[in-house]
Amino acid sequence: MSIFRRAWLYITRKRSRSIMLLIIMILTAVFTMLGLVIKSSTDKEIDNLRKSLCSSFNLSINEENKSLWTMEYGEQGQAYEIYTGSRITTDITKRITETNYVTNCLIYSLVSVWFDLELRSGNYVNWYQRYKEHPEEIPFDLPLDYYQVNSQVTDLYGCSESERYEPFRIGAFELSQGRHIIKDDQYKTIISTALAERNNLSIGDTITAEARDVTYTYGGDPNKIIGEPMKLEIVGIFNINFKQEAAYLTSASTGETNIFTFEKVFAENMIFCDLYSVQQMLTTIYDYKDYPSEEITTYNDATFFVDDPKNLDAAIAEVKALDEIQPEYFTIEPDDAAYRASAEPLKNLSTFSTVLIVTVIIACIVLLGLLMNMWTKGRKREMGILLSMGVKKRNIVMQQLLECIILALLALILAIVISGLFADSFGRFAEKIMTPTTTTSEMYEVESVYHKPVINKVSTDPVDLEYGLTVQNILIVAAVVMGSTAGSVLVTSRNVLKMKPKDVLSSM
């Protein structure tokens with residue numbers, strides 16, 4: 001009788017054993033296959049995120065080096081720190097963009113100016129309303145106009161290309177009308193939808209920016225304009241994809257609760273313009289205050305973009321080797337905060353699938369080993385008879401292997417069908433338990449750093465991956481099922497087959 005016939009007869013006659021083994025193989029194959037489907041989908045999406053969000057690095061002045069800062073005192077005795085080290089210049093940015101892998105550069109500069117706009121109300125509006133009713137409470141002998149003027153002061157962000165500014169790159173801001181600021185623009189601006197609606201503005205309208213003496217001089221004249229007002233044409237309007245809550249402070253003595261967020265900290269009050277315009281404004285202010293004129297064309301930080309994320313480390317290493325980039329003055333860090341936040345839930349999902357795969361494989365190996373060992377001992381009589389009839393040991397092993405292979409092939413076919421039907425449902429289930437449910441507003445947080453908004457992406461977009469079987473997944477599962485089964489057969493049959501036929505039969 002052939003090996004195949006004996007194997008088939010054993011499978012059909014020992015139905016309970018065969019069915020139990022088949023179920024174990026099907027469960028192993030299905031869960032391993034589903035785990036691989038999830039892992040391959042998440043790993044692919046993580047790679048896509050890396051390519052889109054991890055392709056830049058930041059060059060900044062070294063603020064940690066305290067030897068580069070000196071204390072200065074204003075006219076009224078107020079103390080403030082002045083940076084005395086090297087800054088980022090246009091020559092440095094040009095030199096870096098000429099290195100290998102670097103394709104573009106984003107530089108920006110900002111200045112606090114007054115606008116003929118109604119901003120989102122903050123701390124200064126609150127103080128103005130309070131001191132208007134109770135002028136005797138105004139501190140430091142400041143005029144009431146000080147608070148009214150400052151309620152219309154916000155930062156003007158001059159940048160070379162607004163679409164490369166981080167809030168736009170991470171999806172916190174999204175252009176809804178018009179266009180972005182580009183390199184050759186002059187006297188152009190983009191504002192938020194909320195600001196446009198509050199002031200009844202649209203594309204093509206102009207807004208006025210003025211430098212006020214009070215903004216740059218402690219106790220200065222709130223109504224004194226430095227230089228000439230600047231007209232900026234609105235060329236774009238952007239949506240803000242999150243809701244920013246104001247901070248409130250309750251007085252311990254009076255119990256009054258007042259808004260604590262300054263107007264310029266609200267994201268909807270951020271106004272972008274071209275780099276030329278902000279430098280013109282800075283020139284006016286620096287001439288008025290007798291500041292060094294060379295600081296107008298220097299920057300505290302800049303962002304550089306590389307041609308491919310895989311070249312990011314090489315690009316950073318090449319920039320660090322430049323003579324102009326001295327570590328005591330500058331720091332260079334990968335711009336990957338958005339990538340880390342976006343990839344974290346996906347990495348959790350990938351880890352879940354890996355744990356699932358490893359757990360199922362280990363459980364399969366242990367369970368098959370125990371069952372095969374038990375069943376092999378129960379087949380001593382059969383094996384002893386076959387040995388006494390002159391059947392070679394390797395043929396007996398081949399028969400047992402063939403029995404398992406037939407069942408494994410059947411299990412794989414059924415597993416492919418089951419996994420194909422439930423891959424998407426199981427993937428959605430895994431997404432639900434392993435990724436946080438967040439609204440668009442919860443994806444971002446705003447910090448106030450030196451009274452300026454810093455927007456961070458703290459979670460990913462809702463995970464919505466495509467799940468499907470691949471040939472690679474099927475081959476891996478086939479190797480796992482076949483390998484664990486074959487290994488169990490070889491290990492458990494070895495102890496019996498090393499005995500002589502008489503010893504096998506007499507041990508029963």
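The largest nonpolar core of this predicted model has 96 residues, and F57 and I96 have the most contacts inside it. A nonpolar core here is a set of buried Ala, Val, Leu, Ile, Met, Phe, Trp, Tyr and Cys residues joined through side-chain atoms within 4.5 Å; buried means under 20% relative accessible area, exposed over 50%, and partly exposed in between (1.4 Å probe, protein chains only). Helix α2 (residues 15–53) gives this core its largest share, 15 residues. Helices (H or I, at least four residues) and strands (E, at least two) are DSSP runs, numbered from the N terminus.

Let's stay with I96. Leaving aside residues up to four places away in sequence, I96 touches F57, L59, V102, F304, V319, L322 and I325, where contact means heavy atoms within 4.5 Å. A second, separate core of 20 residues includes Y165, A172, I181 and M443.

Helix α3 (residues 90–97) has I92, T93 and I96 as its buried residues. Why do they lie on the same side of α3? They do so because they cover an arc of only 100° around the axis, the arc being that of the directions from the helix axis to the C-beta atoms. D91 and K94, on the other side of α3, are exposed. The cover over the buried residues of α3 includes β1 (56–61), β4 (88–89), β5 (102–115), β15 (301–306), α10 (312–320) and β16 (330–334).

Now for the rings. Rings of Phe, Tyr and Trp (its six-membered ring) pair if their centres lie within 6.5 Å; planes under 30 degrees apart count as stacked, over 60 as edge-to-face and the rest as tilted. By this rule there are 22 aromatic pairs. One of them joins Y124 and Y146 edge-to-face, at 6.1 Å centre to centre with 75° between the planes. This pair links distant parts of the chain, since Y124 is in helix α4 (residues 123–133) and Y146 in helix α5 (residues 144–150), 22 residues apart. Y124 counts as buried because its relative accessibility is 14%, and Y146 is buried at 19%.

F168 and F173 also pair edge-to-face, 5.4 Å centre to centre and with 75° between the planes; both are buried.

Finally, the charged end of R212 sits over the ring of W114, 4.3 Å from its centre, while that of R164 sits over the ring of F305 at 4.6 Å. The criterion is NZ of Lys or CZ of Arg within 6 Å of the ring centre and within 35 degrees of the ring normal.

Residues are numbered from 1 along each chain as its sequence is written, and side-chain values use heavy atoms, with hydrogens and water left out. As this is a predicted model, local features need pLDDT of at least 70 and side-chain atom pairs count only at pLDDT 80 or more, while totals for chains, interfaces and linings use all residues.
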